[in-house]
Amino acid sequence: MATNLLIVESPAKAKTINKYLGKDFEVLASYGHVRDVVPKDGSVDPDKHFEIQWQLNDKSAKHLDQIFRAAKTADNIYLATDPDREGEAISWHLSEIMGKKGLLKGRNVKRVVFTEVTKSAVLDAVANPRDISEWLVDAYKARRALDYLVGFKISPLLWRYVRGAKSAGRVQSPALRLIVEREAEIEAFVSQEYWSMEAQCRHPSQDFTARLIRLDGNKAEQFSLTDSKGAHAARDRILQAADGRLRVTDVSSKERKRRAAPPFTTSTLQQEAGRKLGFPTRKTMQVAQKLYEGIRIGEEGTVGLISYMRTDSVSLSGEALSQLRDVIARDYGIENLPDKPNFYRNKNSNAQEAHEAIRPTSALRRPEQIAQYLSDDERKLYSLIWKRAVASQMIPATMNTVSIDLTAGTEHAFRASGTTVVVAGFLNVYEEGRDARKADEDDDGRKLPALKVGDAVDLQDVVTAQHFTEPPPRFTEASLVKALEEYGIGRPSTYASIISTLLYKDYTTLVNKSFRPTDLGRVLTMFLTEYFTRYVDYNFTAGMEDELDKIAEGKAQWLDVMAGFWKEFGQKIREITLMINGREVKFPGIVELGTDPKSGKPLSARVGQYGAFAQIGTVEDEEKPKFASLRPHQSIFNITASEALELFGLPRELGVVDGQSVIAAVGPFGAYVKKGDTNASLKKEDDPYTIELDRALFLINEKEEFIRNRIIKEFDGSAIQVLNGRFGPYLSDGALNGKIPKDVDPTSVTLEQAQAWLTETGKPARRGFGRGAKKTAAKKVAKKAATKTVAAKKTAVKKAAKKTVAKKAAKKAVKKTAAKKVAKKAAKKAAE
């Protein structure tokens, strides 16, 4: 039996590490977090020193049982979860759970930390263990308590006044506010017209263009020319003054150094993977996790390819620097290697946990050498990390910018610029991406003819172009991560989950890879900024992160930080609750649009449980209000009265086929067409307001064909069916969907097998999916049940009838007996 137990978070990492340690070690995985705060009110109690109630995760039990069994036979227990606050918390939870079970008595329990899954790093960590950091655990407890209190205290108030809102969050709400405020800027933006002017110059060596820098003796600004008339009049003046030639009045040349970007942090990796690879933040972290935990590389076996991917640090270890410098000298020449290593400082004052930057565990593993062992996504991300790390230790690039000023007469001037690379340096390997190009970057790589002061250049033409100012761009995942980091909202490890939460809760949508707030998200933000202003303030959120950092560094006590927070926050919750109970809080999700001309009733746009809709009338009216869902591109904040009234044109009758009406409508699950009992969802390209009969019939026939071919097998007396699905055959009883083993012919499945597999693998069925097939099965089962019910009723009636007859017969018999007795007595008396 192994005398040492080492616990990591993931099975992949356990598998990689297992080969580094001898037979005396057993390596097991906790499969992530094992406990969390109980999801009910009162689980964090401010009146009991913020006591937290924890509960085991449902999926943790079987993994913990294995850990408990191994702990009973181990002399030493090493907690080797990830090297950050969350990892420290998991180690603490494991220690707490095992301690309560008495598994730690007489055993040596230590925390080991490594930032790369390599043999040397793991062995060194095991040889130099430490105790669990109380400071990091306290910072974790404070974070969970804060998140819990904000969520569980504000969310119930939301449910009463922001219909459809699922929750508010300490970090997600300020992040949502960023997106909402950007949308408001875009809507409020008023575009302005302006005109640019460019000289087209001809030269024997090469033609080139120059932009206007002086007009009529004044500096040419963006809005010097604001209409077509002014622009063309200015062009005429310039052409007349130039008389076909421009004269060179100044030639300047300037060299500048451009330093490489530092190696990746979590934030910059997410941004760059988004820009260059098109990866969403969650995908970036998932792929990075695989690279960190280990990939099988031929005879070398399973190896961790990158260092830990959740970090704020831009520093590299001495060993890593030495290796990178060797690779640069060998592959790119000694001339591209600086005399000393390049060191970088983190711009983020909130940077925490002094790990290394994200880097390859061995720079000697060039991307092209191990590409055959990696998936396409793994190869792309590893290559990005490798190139960035190598480039960070190379010499700067030397750029030379040449500017030439040319005049047209004495009042007008143009400037041509070109930037060329003199020494490529780090650009031989890598260049950082940007969210948007700067104006002067258009000159990069552009060469100009050799000119000197006094030279004359032929002016071929002066070209004018109309432009309009553009609103600020919507956030992409990359730019949102950058903004979150700049504002100090959240931490690198939480950016992906913040974005996923905002999308999952339908507070935002992604349109062309850019975030747009939904009406629900905007209404939620309006409510929070109105009544909980301080708690969605960017400075407050960043300030709380600072406090958490101080706790992690041992510079503040977590209970003191919590007490300071709760004093104000608890009071605010009480105030808003009283306001809501007194009906002083105004629901922000209603926009009055006017009056319906037909009924004279109020017309409004609102946010409800199933999204945005228009409403005619009020709940106080005798008749129920009329409702109509807004179309996907519409918002309650910009819809007009006429657009809202058009929505009440649904449902539309498209025609009558086989004596049945065909209609187009919108329901809780989207737009659809209907004929008889068959509903068919519209495709993305279909519009319920414009769809025609032929297209509707095509969709309905397609749905009916799908239903006809959907049922593979049914079972008498059971709702279970074997069905065809998008991913192959499966089982369903309408409530649960279950799997069929891949090696089993779906037509051969027996009812007993189906019941067993559905019990073993069943998961809740999606509402509305495969409804036709399930309806058919339900109808058959219902019919059989009804038949049985009728039969049972008939039997019961017969039994009741027999009982009644029997009772009557018994009564008659009793009466006859009584009559005989009376007659007998009377006869006896008469005889006497």
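What percentage of the 832 residues of the chain count as buried? In this predicted model, the share that counts as buried is 45%. The secondary structure of the chain comes to 21 helices and 32 strands. Among the contacts with a separation of 6 or more, 69% are accounted for by residues 24 or more positions apart. The paragraphs below take up several of these helices and strands in turn.

The strands may be considered first. Strands of a sheet pair through backbone hydrogen bonds, in either a parallel or an antiparallel sense. Strand S9 (residues 193-202) has two pairings to consider here. With strand S17 (residues 456-468), S9 runs antiparallel, and 10 bridges join the two. Within this pairing, tryptophan 195 has glutamine 466 of S17 as its bridge partner. With strand S10 (residues 208-215), S9 again runs antiparallel, here through 4 bridges. The strands S9 and S10 are joined by a hairpin of 5 residues, and cysteine 201 has phenylalanine 208 of S10 as its bridge partner.

A further hairpin is found in another part of the chain. Strand S20 (residues 590-595) pairs with strand S21 (residues 602-608) in the antiparallel sense, over 5 bridges. The reader may locate glutamate 592 and follow its bridge to serine 604 in S21. Between the strands S20 and S21 lie 6 residues, and in this hairpin glycine 600 takes a positive phi near 75 degrees.

Strands can also be arranged in a sheet of several members. An open sheet of 4 strands has the order S24-S25-S26-S27, and its pairing is antiparallel. Which strands form the edges of this sheet? They are strand S24 (652-657) and strand S27 (678-681), each of which pairs on one side only. From one strand to the next, the twist averages 25 degrees. Inside the sheet, strand S25 (residues 660-667) and strand S26 (residues 670-675) run antiparallel and are joined by 6 bridges. Helix H19 (residues 693-708) lies across S24, S25, S26 and S27, and runs at about 105 degrees to S27.

The axes of helix H2 (residues 61-73) and helix H3 (residues 85-100) come within 11 Å and cross at roughly 65 degrees. In this crossing, which is right-handed, H2 passes H3. H2 contributes Leu64, Ile67, Phe68 and Ala71 to the contact, and H3 contributes Leu94, Ile97 and Met98. The residues of this contact divide into 7 nonpolar, no polar and no charged. An α-helix has 3.6 residues a turn, so residues three or four places apart point the same way.

The second pair consists of helix H8 (residues 266-277) and helix H13 (residues 477-487), whose axes come within 8 Å and cross at roughly 160 degrees. Angles over 145 degrees count as roughly antiparallel, and H8 and H13 are therefore roughly antiparallel to each other. H8 passes H13 in a left-handed crossing. The contact is made by Ser267, Gln270, Gln271 and Arg275 of H8, together with Ala478, Val481, Lys482 and Glu485 of H13. What is the division of the residues in the contact of H8 with H13 into nonpolar, polar and charged? There are 2 nonpolar, 3 polar and 3 charged residues.

Just after H13, glycine 488 takes a positive phi of about 75 degrees.

A single residue may close the account. Threonine 759 has its place in helix H20 (residues 751-761). Is threonine 759 buried or exposed? Residues count as exposed when their relative accessible area is over 50%; threonine 759, with a relative accessible area of 69%, is therefore exposed. The C-alpha atom of threonine 759 is separated by 7.8 Å from that of glycine 738, a residue 21 residues apart from it along the chain.

Definitions and conventions
Residues are numbered from 1 along each chain as its sequence is written. This is a predicted model: local features need pLDDT of at least 70, side-chain atom pairs count only at pLDDT 80 or more; totals for chains, interfaces and linings use all residues. Side-chain values use heavy atoms; hydrogens and water are left out. Axes are lines fitted to C-alpha atoms, for helices over the stretch in contact, and angles run from 0 to 180 degrees between N-to-C directions. Angles under 35 degrees count as roughly parallel, over 145 as roughly antiparallel, 65 to 115 as roughly perpendicular and the rest as oblique. A crossing is left-handed if the near helix is turned anticlockwise from the far one by less than a right angle, and right-handed if clockwise. Contact means heavy atoms within 4.5 Å. Ala, Val, Leu, Ile, Met, Phe, Trp, Tyr, Cys and Pro count as nonpolar, Asp, Glu, Lys and Arg as charged, and the others, Gly among them, as polar. Two strands pair if DSSP finds at least two bridges between them. Buried means under 20% relative accessible area, exposed over 50%, partly exposed in between (1.4 Å probe, protein chains only).
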